[in-house]
Amino acid sequence: MIIPAAIAVPFAAALGLVFGSFATVMAYRIPRRESPVSGRSKCPACGHTITASENIPVVSWLLQRGRCRHCKERISVRYPLTELATAILFVASVLRFGVSLEALVYAAFFWILVVLSSIDLEYKLLPNRVVYPAFVAGWMGLAAVALLDGAPERLVGAALGAAVFGGLLFVVGFIYPAGMGGGDVKLAFVLGTFLGYVGGVGVTLVGMFLSFLLGGVIGVVLILVAGGSRKSQLPFGPFLATGSVIGILAGVPLLSAYLGSF
Ligand SMILES: [Zn+2]
């Protein structure tokens, strides 16, 4: 059965909005050690239980002008932005991988990166209880895709990617522990797996380069704008995630354009 893009893309967008909303719940509850799946969400300011009509991704936030309907306390713009970002990533996964199990596995991976980036931005922390399951589930998902596609050799690329990205950050963390947290190193093994599956060591290097470029450029801009010192520790997880997502979506053409320019 061939599902046309005209159906798959809006479906992915809608699913992305819903899962983006769920990502904000996860990012709120996991660091607080609350159950991510049980109980309705409440307004953090007044404790008012959020009703279904107040829980429509993006729309509710716009209709309520970014405030709790009950206590009028501000609701962060991060909520609708997270929902939109997840929708964009789900659509991008379908456009990149077609309507396939591979698109589903990569969309799930992107969703975990949204959760981890949100937690890291707020708490400067990449919890093991998200990163470890992501690594195991990622390998299981990619192994299923490789078997289904009759391309087991791509798992070798995934292993090489994990070794290169994880290994390099491990060395950086060893030499310069203040600059690279243990969570970043563990996440790099997951990112390298998904980059390597797409295009081996080459695409992994593209993702790594973009991660460091984004982190470095934005880090310098923030130091210049805010006058903060390098010690005002910027969380690195979101940059690793963003660079890797770009590497996964565009790494193959970026790499061949770069190599072709010599
Ligand atoms: Zn409230």
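Trainee: How many residues of domain 1 are in contact with domain 2?

Mentor: In general, the size of an interface is often given as the accessible area lost when the parts come together. Here, in a predicted model, contacts are counted instead: 20 residues of domain 1 are in contact with 17 residues of domain 2. The bounds are 1-99 for domain 1 and 100-262 for domain 2, and their C-alpha centres lie 23 Å apart.

Trainee: Which elements give two or more residues to the side of domain 1 that touches domain 2?

Mentor: Helix 1 and helix 3 do. Helix 3 gives the most, with 10 residues.

Trainee: At what angle do the axes of helix 3 and helix 4 cross?

Mentor: They cross at roughly 155° and come within 9 Å. Because angles over 145 degrees count as roughly antiparallel, helix 3 is roughly antiparallel to helix 4. The crossing is right-handed. Among the residues that meet there are Leu89 and Ser93 in helix 3, and Phe110 and Val114 in helix 4.

Trainee: Which residues touch the most other members of the largest nonpolar core?

Mentor: In soluble globular proteins, nonpolar side chains tend to be buried together. In this model the largest nonpolar core has 59 residues, and Phe110, Val115, Leu116 and Phe165 touch the most other members. Several helices give two or more residues to this core, including helix 1, helix 3 and helix 4; helix 7 gives the most, with 15 residues.

Technical notes
Residues are numbered from 1 along each chain as its sequence is written. This is a predicted model: local features need pLDDT of at least 70, side-chain atom pairs count only at pLDDT 80 or more; totals for chains, interfaces and linings use all residues. A nonpolar core is a set of buried Ala, Val, Leu, Ile, Met, Phe, Trp, Tyr and Cys residues joined through C-beta atoms within 7 Å. A residue is buried if 20 or more other C-beta atoms lie within 10 Å of its own, exposed if 12 or fewer, and partly exposed in between; C-beta atoms are placed from the backbone. Helices (H or I, at least four residues) and strands (E, at least two) are DSSP runs, numbered from the N terminus. Axes are lines fitted to C-alpha atoms, for helices over the stretch in contact, and angles run from 0 to 180 degrees between N-to-C directions. Angles under 35 degrees count as roughly parallel, over 145 as roughly antiparallel, 65 to 115 as roughly perpendicular and the rest as oblique. A crossing is left-handed if the near helix is turned anticlockwise from the far one by less than a right angle, and right-handed if clockwise. Two residues are in contact if their C-beta atoms, placed from the backbone, lie within 7 Å. Domain bounds come from an automatic or database domain assignment.
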